[in-house]
Amino acid sequence: MAGDNPRSTASLAGRPIHAMLAPIPIVCFAGTLVTDLVYWKTATIMWADVSAWLLTVGLIVSILVVLAGIIDFFGDRRVRALRSAWIHGLGNGVALILAIANAFVHSRDAYTSVVPTGLILSALVVLILLVTGWIGSGLVFRHGVGVRPETRS
Amino acid sequence: MIASRSTFVTVIGIAALGLAACGPSPVDPKRQIGPNPYLPPIHQYLMPPMHVAKIVGWGPGETPTVPAGLKVTALAKGLKNPRSVYVLPNGDVLVVESGGPKAPVNRPKEFVMNWVEKKAHSSSKPGNRILLFRDTNGDGMPELQTVFIDHLTSPFGVVLVGNDLYVADTDAVLRFPYQTGQTSITTPGVKLTDLPGGPIDHHWTKSLTASPDGTKLYAGVGSNSNITENGMPAELGRASIWEIDRATGAHREYATGLRNPNGLQFEPQTHVLWAVVNERDELGPDLVPDYMTSVKEGAFYGWPYSYYGQHIDPRVKPQRPDLVAKAVVPDYALSSHVAPLGMVFNTGSGLPAAYHGGAFVGEHGSWDRQKMNGYKVIYVPFVNGRPSGMAQDVVTGFLTPDDKARGRPVGLALDSKGALLIADDVGNAVWRVSAR
């Protein structure tokens with residue numbers, strides 16, 4: 001049975017690294033949208049600072065997530081055979097480029113570090129992640145990528 | 001797979017090109033010098049240009065360059081961040097060695113900025129003290145050098161009124177007793193008043209001068225941010241010129257909205273206070289021009305809400321239309337990002353007639369535009385106490401042809417023979433410009 005599922009090549013003790021770390025940037029980028037919205041409404045500079053930190057941490061962890069994802073993608077032909085794996089990867093690539101641009105926008109000073117460009121980029125990244133995250137969870141929960149059920153006697 | 005990878009690389013490549021290439025067409029700095037500077041539209045970069053001059057220092061025998069009729073010599077070399085100069089009535093020259101406090105990191109950006117700034121400033125540890133230089137044989141060059149006042153806190157401004165010598169540390173104005181001819185003061189300073197200092201202390205240089213009648217002191221207190229990115233509470237009492245009562249230490253804000261005012265001087269003919277002001281960054285390579293201006297009592301000069309009158313800065317929220325409406329247009333623009341930090345009116349007659357009656361301005365130089373601007377001392381002619389005509393370069397050669405910094409001019413003063421003294425903080429020298 002176990003041999004039928006696509007393998008996760010970048011794994012730690014049988015746990016896929018990509019799936020372990022992916023929640024961190026997702027939470028960071030979703031958090032960026034929240035603090036951007038709060039800053040837009042309050043103009044309290046602390047929230048813009050929190051956005052900038054969330055974005056930075058999200059991007060740094062993203063490097064590991066992308067590396068693990070790429071290794072998984074190229075590590076097993078059965079992963080590449082999944083159309084949704086392509087959409088997941090390319091979609092996240094676009095989200096990442098937007099998040100990098102967003103980090104530059106957030107490095108501006110005061111109000112225009114968020115409103116309107118930063119806020120729009122933060123929202124776009126979250127929208128893309130909703131789709132690619134949904135697809136990504138399908139890769140695991142429907143296609144069983146990296147899933148290795150224990151053999152029952 | 002290969003197709004997708006190369007697509008990815010192409011997309012990143014185009015994005016990077018987009019970041020670097022798109023910029024407004026450059027404006028000739030000459031169009032931004034004078035009373036009516038050309039102000040291009042705002043341009044906020046995705047990745048602002050950072051072009052910091054790498055410090056190479058002065059080689060043996062190298063000096064700044066001056067026009068015919070002038071000569072330049074090193075009054076002192078091998079100093080530790082000389083930032084300002086002040087000449088005592090007996091001709092002794094005070095040189096303030098100083099450096100700013102450590103900049104905090106509130107945002108990821110500040111990691112990068114602190115690193116960039118480190119590159120732009122001298123690596124020698126600032127002295128945070130005042131040195132005294134005395135010319136004992138009248139040749140204009142000092143034979144005696146002493147430590148005049150030690151253990152100061154990022155000092156900058158110095159002014160003598162009678163027997164009271166005032167030093168503006170970054171966080172307080174101190175008073176020291178001074179007798180003519182003294183070469184060292186060991187008596188601890190008495191605090192006249194606190195000034196806005198740390199913990200952020202973004203613009204830390206506190207310029208200082210005294211009113212012609214000696215009853216008031218004027219201290220330049222720069223803003224605590226580029227453009228309010230540290231929050232408005234951090235700006236309390238800042239971006240203003242303080243008037244301090246010499247007898248009581250009481251103060252009020254004499255003028256406000258001046259982002260980073262330095263070189264405070266009273267114009268000798270009209271007895272009006274003047275300052276050079278560093279304007280805001282990151283609105284493009286040609287915004288906002290730095291300026292010199294007469295300082296009107298009670299006037300508001302725009303920062304942070306607007307610049308050059310009613311030009312709104314979109315980065316500042318909430319706006320203050322009531323203040324913007326009364327924002328005063330400064331007198332004379334010096335062009336963008338030249339970073340004027342020193343000014344002196346040429347009240348002497350030691351220099352050629354072409355330099356009589358106007359003001360010298362020390363331009364520390366730009367770091368956030370592709371083509372370097374500043375890195376020189378200019379002369380602005382004055383007629384009847386007002387700037388009149390085009391500024392001209394006087395002391396240049398602080399940059400090498402390939403944009404490396406031999407030095408950067410900061411504070412200016414006139415010595416007892418009417419020669420121009422220039423503090424050069426990264427060249428660790430004080431230059432003396434005199435008639436040939």
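In the predicted model, helix H2 (residues 23–42) of chain A packs against helix H3 (residues 45–75) of chain A through residue contacts, counted where C-beta atoms placed from the backbone lie within 7 Å. On the H2(A) side, the contacting residues include A:Ile24, A:Cys28, A:Phe29, A:Thr35, A:Asp36 and A:Tyr39. On the H3(A) side, A:Trp47, A:Leu54, A:Gly58, A:Val61 and A:Val65 are among them. The residues of this contact divide into 14 nonpolar, seven polar and one charged. Nonpolar here covers Ala, Val, Leu, Ile, Met, Phe, Trp, Tyr, Cys and Pro; charged covers Asp, Glu, Lys and Arg; the others, Gly among them, are polar.

The axes of H2(A) and H3(A) come within 8 Å and cross at roughly 165°. Axes are lines fitted to C-alpha atoms, for helices over the stretch in contact, with angles from 0 to 180 degrees between N-to-C directions. The two helices are therefore roughly antiparallel (an angle over 145 degrees). H2(A) passes H3(A) in a left-handed crossing, that is, with the near helix turned anticlockwise from the far one by less than a right angle. Helices (H or I, at least four residues) and strands (E, at least two) are DSSP runs, numbered from the N terminus.

The contact between the chains takes 18 residues from chain A and 24 residues from chain B. On the chain A side, H3 and helix H5 (83–106) each give two or more residues. H5(A) gives the most, with six residues. The chain A side divides into 11 nonpolar, four polar and three charged residues.

In chain B, four strands form an open antiparallel sheet in the order S3-S4-S5-S6. Strands pair if DSSP finds at least two bridges between them. Strand S3 (82–87) and strand S6 (144–149) are the edge strands, each pairing on one side only. The twist averages 25° from one strand to the next. Five bridges join strand S5 (residues 129–134) to S6(B). B:Leu132 stands opposite B:Thr146 in S6(B).

Strand S29 (residues 429–435) of chain B is mostly covered, with five of its seven residues buried (20 or more other C-beta atoms within 10 Å of the residue's own). Strand S2 (residues 70–76) of chain B pairs with S29(B) in the antiparallel sense over six bridges. B:Ala76 stands opposite B:Val430. Strand S28 (residues 420–424) of chain B also runs antiparallel to S29(B), joined by five bridges. S28(B) and S29(B) form a hairpin with four residues between them. In the turn, B:Asn428 has a positive phi of about 50°.

Residues are numbered from 1 along each chain as its sequence is written, and chains are lettered from A and ligands numbered from 1 in the order in which they are written. Local features need pLDDT of at least 70 and side-chain atom pairs count only at pLDDT 80 or more, while totals for chains, interfaces and linings use all residues.

Terms used: Parallel < 35°, antiparallel > 145°, perpendicular 65-115°, else oblique. Contact = placed C-beta atoms within 7 Å. Buried ≥ 20, exposed ≤ 12 C-beta atoms within 10 Å, placed from the backbone.
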